[in-house]
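Visitor: I would like to go through a structure with you. Could we look at it together, one topic at a time?

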Amino acid sequence: VCHDRGAEIWYQTVTKVKELSPLTTIETLIPDTKGNWDALYRMISAGQEVVSHNMETVERLYRPVRPQAKYERSLEQIRRTKEYGKRTKTGIMLGLGETIIEVMSVVRDLRRAGCDMLALGQYLRPSPDQMPVESYIEPRQFKMLEDAGYDMGFKRIQSGPFIRSSYYS
């Protein structure tokens, strides 16, 4: 069992890259620390410029989509990362049965938590073992969500059917 959620490996990897290539900009996509805030702080103290933690979906669908995670705990992880002084980023998949009102609610929650960057993309079922696609989101809806996010104060938003959380920061 890894009690530090892998924090030491994250820390050593980022610090080694920075040692070998100090001008490299690093974004880390970190896992849910399950409330182990010491592990979180170790992960994010290595010198990376952007820390991403994906919300993945709206609050109502959190349990079926992310059974090991908790909506409020993920928001808290983003809030603590921002308070630590890092640029923060998250990604949300659309098309799992969420409503636009639910998406707007999570976007507002993310801004309140201090999230700087947002990636909104279409969920595509990776295999028959995963949840089915409930709907395909129209480009105009992605554009509306992007505009609303910028109005709320996000610094950067990537929003469209082929966007993934690893998209350019």
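Visitor: Which residue stands opposite methionine 117 in β4?
Guide: Lysine 89 stands opposite methionine 117. This is a predicted model, in which local features need pLDDT of at least 70, side-chain atom pairs count only at pLDDT 80 or more, and totals for chains, interfaces and linings use all residues. Residues are numbered from 1 along each chain as its sequence is written, and side-chain values use heavy atoms, with hydrogens and water left out.

Visitor: In which sense do β3 and β4 pair, and over how many bridges?
Guide: Strand β3, residues 87–94, pairs with β4 in the parallel sense over 6 bridges. Two strands pair if DSSP finds at least two bridges between them. Strands are DSSP runs of E with at least two residues, helices are runs of H or I with at least four, and both are numbered from the N terminus.

Visitor: What is the strand order in the sheet?
Guide: The 5 strands form an open sheet in the order β1-β2-β3-β4-β5, with parallel pairing. β1 and β5 stand at the edges with a single partner strand each, so one side of each has no neighbour in the sheet. From one strand to the next, the twist averages 15°.

Visitor: And what lies across β3 and β4?
Guide: That is α5, which runs at about 170° to β3. Axes are lines fitted to C-alpha atoms, for helices over the stretch in contact, and angles run from 0 to 180 degrees between N-to-C directions.

Visitor: Changing topic, how many salt bridges are there?
Guide: The structure holds 14 salt bridges, each a side-chain nitrogen of Lys or Arg within 4 Å of a carboxyl oxygen of Asp or Glu. One of them joins glutamate 8 and arginine 42, at 2.9 Å from N to O. Glutamate 8 lies in helix α1 (residues 7–20) and arginine 42 in helix α2 (residues 37–44), so the pair ties together parts that are 34 residues apart in sequence.

Visitor: Where do the partners of the lysine 155 and aspartate 116 pair lie?
Guide: Lysine 155 and aspartate 116 form a salt bridge with their closest N and O atoms 3.4 Å apart. Lysine 155 is in the loop between α6 (139–152) and β5 (156–160), and aspartate 116 in the loop between α5 (100–112) and β4 (117–122), 39 residues apart.

Visitor: Is each of them buried or exposed?
Guide: Lysine 155 is exposed, with a relative accessible area of 58%, whereas aspartate 116 is buried at 2%. Buried means under 20% relative accessible area, exposed over 50%, and partly exposed in between, using a 1.4 Å probe and protein chains only.

Visitor: Back to α1, then: which residues are buried there?
Guide: Ala7, Val14 and Lys18 are buried in α1. They cover an arc of only 45° around the axis, which puts them on the same side of α1; the arc is that of the directions from the helix axis to the C-beta atoms. The buried residues of α1 pack against β1 (27–29) and α2. Contact means heavy atoms within 4.5 Å.

Visitor: What does the opposite face carry?
Guide: The face turned away from the buried side of α1 carries the exposed residues Ile9, Glu19 and Leu20.

Visitor: Finally, what is threonine 57 in contact with?
Guide: Leaving aside neighbours within four places in sequence, threonine 57 is in contact with Tyr62, Val65, Tyr71, Ile92, Leu96 and Val106. Threonine 57 lies in the loop between β2 (50–52) and α3 (62–65) and counts as buried, at 0% relative accessibility.
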